[in-house]
Amino acid sequence: MPIIYYIILSIALFSIGIVGVLTRRNAIIIFMCVELMLNAVNLLLVAFSKMHYNAALKDGLVAGADGQLFVFFIMVVAAAEVSVGLAIIVMMYRNIHSVDVNFLNRLKH
Amino acid sequence: MSITEILFAVLTVVALFGAMMVITSRNPIYSVLWLILTFFAISGHYILLNAQFLAIVNIIVYAGAIMVLFLFVIMLMNLNKETEPSRNRWLKMAGVIGGGCLMLVLVAALRDIDIKDNIANVGHGDIGLLKNLGKELFTTYVVPFEISSILFLSAMVGAVVIGKKN
């Protein structure tokens, strides 16, 4: 499968995530769109890993494992991020009884 | 069209449609369910690329653990009714135009590069199997692996401290 298909697909998923972050106001949905963007990057990393594996196959090398391990570490960091981020959102809901990000403008005043 | 191309097209359509529904659903619970569908489609892409370990980890960690955490929080807050008021139409349009411009710029930047010959190895290649990745993970990447366990511990402590009633 040509690598350009994967690049276009990842760009499309990433842009949909960007549009979601820019247009929605619910903090949880914004958070989910961030996860979507992370997954777009993960997909592209795996595709590039297989591309370099394909290129190194002629030399008999084992290349491309780095890309897939990076994806593994991205998943690790994303899981930690989600646990802390959702705790912050729960705390925010407990204090202002809303998850609307427009109410979070107190640093402005 | 070979079977691989058909599978690629179907998974791509499912992923993009799911992602669109995530950002257009009014009800947050439907958003979570569509996002789970998108993650399954991305896992299908991983299987197509023969990255089996990452496909399983993606389903277990993302679709299993993280999305259940999202659903749990949404139901805990009783947000499953359509509470989001309609915001300024112009701001929404500006967001869509901004994201579309980003996509346009990224695709236009790809126009002149010469990557026609670069093929992602679909269907075979044993680099994504558990044996090879595990060997690499516990030799070359053993220090980041151990550091990530400390990260998890600190995230766990942080979540407990933040969520605690004071």
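Predicted model: local features only at pLDDT ≥ 70, side-chain atom pairs only at ≥ 80, totals over all residues.
**Entry 1: H1(A) against H1(B)**

With that definition I looked up which residues of the two H1 helices meet. I found Tyr5(A), Leu9(A), Ala12(A), Leu13(A), Ile16(A), Val19(A), Gly20(A) and Thr23(A) on H1(A), facing Phe8(B), Thr12(B), Ala15(B), Leu16(B), Ala19(B), Met20(B), Val22(B) and Ile23(B) on H1(B). Sorted by class, this contact holds 13 nonpolar and 3 polar residues, and no charged ones.

**Entry 2: H1(A) against H4(B)**

Next I asked which residues of H1(A) meet H4(B). On H1(A) I listed Ile8(A), Ile11(A), Ala12(A), Ser15(A), Ile18(A), Val19(A), Leu22(A) and Thr23(A), and on H4(B) I listed Lys92(B), Gly95(B), Val96(B), Gly98(B), Gly99(B), Leu102(B), Met103(B), Leu106(B) and Val107(B). The class division here is 11 nonpolar, 5 polar and 1 charged. The axes of H1(A) and H4(B) come within 8 Å and cross at roughly 160°, and the two helices are therefore roughly antiparallel to each other. I noted the crossing of H1(A) and H4(B) as right-handed.

**Entry 3: the whole contact between the chains**

Stepping back to the chains, I found that the contact takes 60 residues from chain A and 67 residues from chain B. Which helices of chain B supply at least two residues each to the side that touches chain A? I wrote down H1, H2 (28-48), H3 (52-76), H4 (89-109), H5 (130-137) and H6 (142-163). Of these, H6(B) gives the most, with 10 residues. By class, the side of chain B that touches chain A has 47 nonpolar, 16 polar and 4 charged residues.

**Entry 4: H1(B) against H2(B)**

The residues of the contact of H1(B) with H2(B) divide into 14 nonpolar, 6 polar and no charged. I marked Phe8(B), Ala15(B), Ala19(B) and Val22(B) in my list, as they are also named in the contact of H1(B) with H1(A).

**Entry 5: domains of chain B**

The domain assignment of chain B gives domain 1 as 3-82 + 89-128 and domain 2 as 129-166. Taken over C-alpha atoms, the centres of domain 1 of chain B and domain 2 of chain B are separated by 24 Å. Their contact takes 5 residues from domain 1 and 4 residues from domain 2, and the domain 1 side has 2 nonpolar, 2 polar and 1 charged residues.

**Entry 6: confidence in chain A**

Finally I checked the confidence of chain A, where the mean pLDDT is 86 and 92% of the residues reach 70 or more. In chain A, confidence is highest in H1(A), at 92, and lowest in helix H2 (residues 27-56), at a mean of 88.

Technical notes. Residues numbered from 1 in each chain as written. Chains lettered and ligands numbered in written order. Contact = placed C-beta atoms within 7 Å. Helix = DSSP H or I, 4+ residues; strand = E, 2+ residues; numbered from the N terminus. Nonpolar A, V, L, I, M, F, W, Y, C, P; charged D, E, K, R; others polar. Domains from an automatic or database assignment. pLDDT = per-residue confidence, 0-100. Axes fitted to C-alpha atoms, helices over the stretch in contact; angles between N-to-C directions. Parallel < 35°, antiparallel > 145°, perpendicular 65-115°, else oblique. Left-handed = near helix turned anticlockwise from the far one by under 90°.
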